[in-house]
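This briefing is intended for a reader who is new to protein structures. Please look through the sequence and the model before turning to the points that follow.

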Amino acid sequence: MSRARELADSYTDNEVDSKPTGFKNYIINGAFDVWQRGTTGTTGYIADRFANASGVTASSLVASGLSEFPNCLSITGTTGNITTVQKIEQVNINKLNGKQVTVSFWMRQTVGSSSGLMNVLTPTVKDNYSAITVDSYDIGIVPSTWTKYTQTFTVTQDMADYGLGISVGVNPASNNTIQLTGMQLEEGSVATPFENRPIGLELSLCQRYYERLTNINTPFIMYTPNGDTRVSIPFKVQKRMVPECTISGAISSLAVGTSGNATNMWLTISSVGEKTVDGIYSIMVTNPSVLQHCGVIAAGQGHCELTATANSEL
C-alpha cells in the first residue's frame, strides 16, 4: 500500500469534513485585482463586487505599495459615510448559521483624520438590500499608514436566510481619502493569512455577477420587417439570475435571405431582446431595411464590433 493511500485511510469522515478545502475567503476580489468596468469612477460598482456609497466623489485603482497586495481601492468624499460594500449572496453564507466569522482588511487614510467603521448589513429579504439592518463596529481613527483591522461576529439566522454585506470606510467624512485592500471574510474567530486565488479564477467568480463582452463573432437570423435578430452570445460564466444587459455597436456580415439575394452590410444594434442566465439570444437593430431586399428572413455569420454587459449584482 502506498504512503498516500495510508494517509488517506487514516482520516475519519469527521476529520475530512473538518479540514479546510480552499475558498476560505467569502469576499470576492478582496485584493482588488479585477476591474471590468474600468479603473475610475464615483458611486456604485467600480471595482468588481464592491459598491461605493453615495458620498463617494472619486474612486480609482491605485498602487498600494504593499508587497502582498499591489492593488488597492482609493475612495474620496466630502460628506456622509465614505464607504464601500460587498454584498455576499445568501447561498454562499447560509451554511455559516450560528458560527463565528472574522473579517480582516488593510486600510489607511491618506487625506483627513476621521474615525473608521465596519458595518455588517443584513437584508430583510433574501439578496435584496433595499431594506437592511446594520450592526456597526467603530475601529477608531484611521492612520495614514497601512493598518490591518480584524473584527469577529456571529452569523445570525437572518444573515443565513437573507445574506449579508460588509461595509468599510470612515464616518463622518470631510475631504477624506481612504485606501482599502486585502479584505477577507472567513469562518472562525482568528484572522488567517489572505487567500490568494489565481487571477483567472477570481475573474470567473466576479463574472457570476457582472461580465463585459467585446468583439464577438456570431451567426444570426433576422426578421427583416422589424429587425428582430436571433443571435448566440453565450456568457463566459452563468449569472446568478437573469441579468440586466446593455449592448451597442454593429454587425458586419455577408447575409443571404429567403429571396435568394445576398449582400454585405452593417447592422446597427440598438437593444437586447431575449436573454437568460446563460447568454443573449436576440437583439434589435435600427436599420433592418438594408436586408429587406434579401427577403423576409435573412441569415448570416457576423463579426460584431460591439460591447455588451450583463449585470446581476445584488
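A residue is called buried when its relative accessible area is under 20%, exposed when that area is over 50%, and partly exposed in between, with a 1.4 Å probe and protein chains only. The structure is a predicted model, in which local features need pLDDT of at least 70 and side-chain atom pairs count only at pLDDT 80 or more, while totals for chains, interfaces and linings use all residues. Residues are numbered from 1 along each chain as its sequence is written, and side-chain values use heavy atoms, with hydrogens and water left out.

**Strands and sheets**

- Helices (H or I, at least four residues) and strands (E, at least two) are DSSP runs, numbered from the N terminus; two strands pair if DSSP finds at least two bridges between them.
- An open sheet is formed by six strands in the order S1-S4-S5-S12-S7-S10, with antiparallel pairing. Its edge strands, S1 (40-41) and S10 (147-154), each pair on one side only.
- Within this order, S5 (residues 71-77) and S12 (residues 176-187) run antiparallel and are joined by five bridges. Thr 76 stands opposite Thr 177 of S12.
- Strand S17 (residues 279-285) is mostly covered, five of its seven residues being buried.
- S17 is joined by five bridges to the antiparallel strand S14 (residues 228-234), and Ile 280 of S17 is the bridge partner of Ile 233.
- S17 also pairs in the antiparallel sense with S16 (residues 262-272), over three bridges. Here Met 284 of S17 stands opposite Ser 271, and a hairpin of six residues joins S16 to S17.

**Salt bridges**

- Side chains of opposite charge can pair when their charged atoms come close.
- A salt bridge is a side-chain nitrogen of Lys or Arg within 4 Å of a carboxyl oxygen of Asp or Glu; by this rule the count comes to nine.
- Lys 99 and Glu 187 form one of these, at 3.5 Å from N to O. Lys 99 lies in the loop between helix H3 (90-93) and strand S7 (100-111) and Glu 187 in strand S12, so the pair ties together parts that are 88 residues apart in sequence.
- Lys 99 is partly exposed at 34% relative accessibility, and Glu 187 is partly exposed at 43%.
- In the salt bridge between Arg 197 and Glu 202, the closest N and O atoms are 2.8 Å apart.
- Glu 274 and Arg 230 meet in a salt bridge at 3.1 Å, N to O. Glu 274 lies in the loop between S16 and S17, and Arg 230 in strand S14, so this pair ties together parts that are 44 residues apart in sequence.

**The second largest pocket**

- A pocket is an open set of points, on a 1 Å grid over the protein atoms alone, where a 1.4 Å probe fits, with protein on both sides within 12 Å along at least five of seven lines; lining residues have an atom within 4 Å of a point.
- The lining of the second largest pocket includes Asn 81, Tyr 129 and Ile 132.
- S6 (82-88), S8 (115-125) and S9 (128-141) each supply at least two lining residues, and the largest share, four residues, comes from S6.
- Ile 132 is found in strand S9 and is partly exposed at 36% relative accessibility. Its C-alpha atom is separated by 5.3 Å from that of Thr 122, ten residues apart along the chain.
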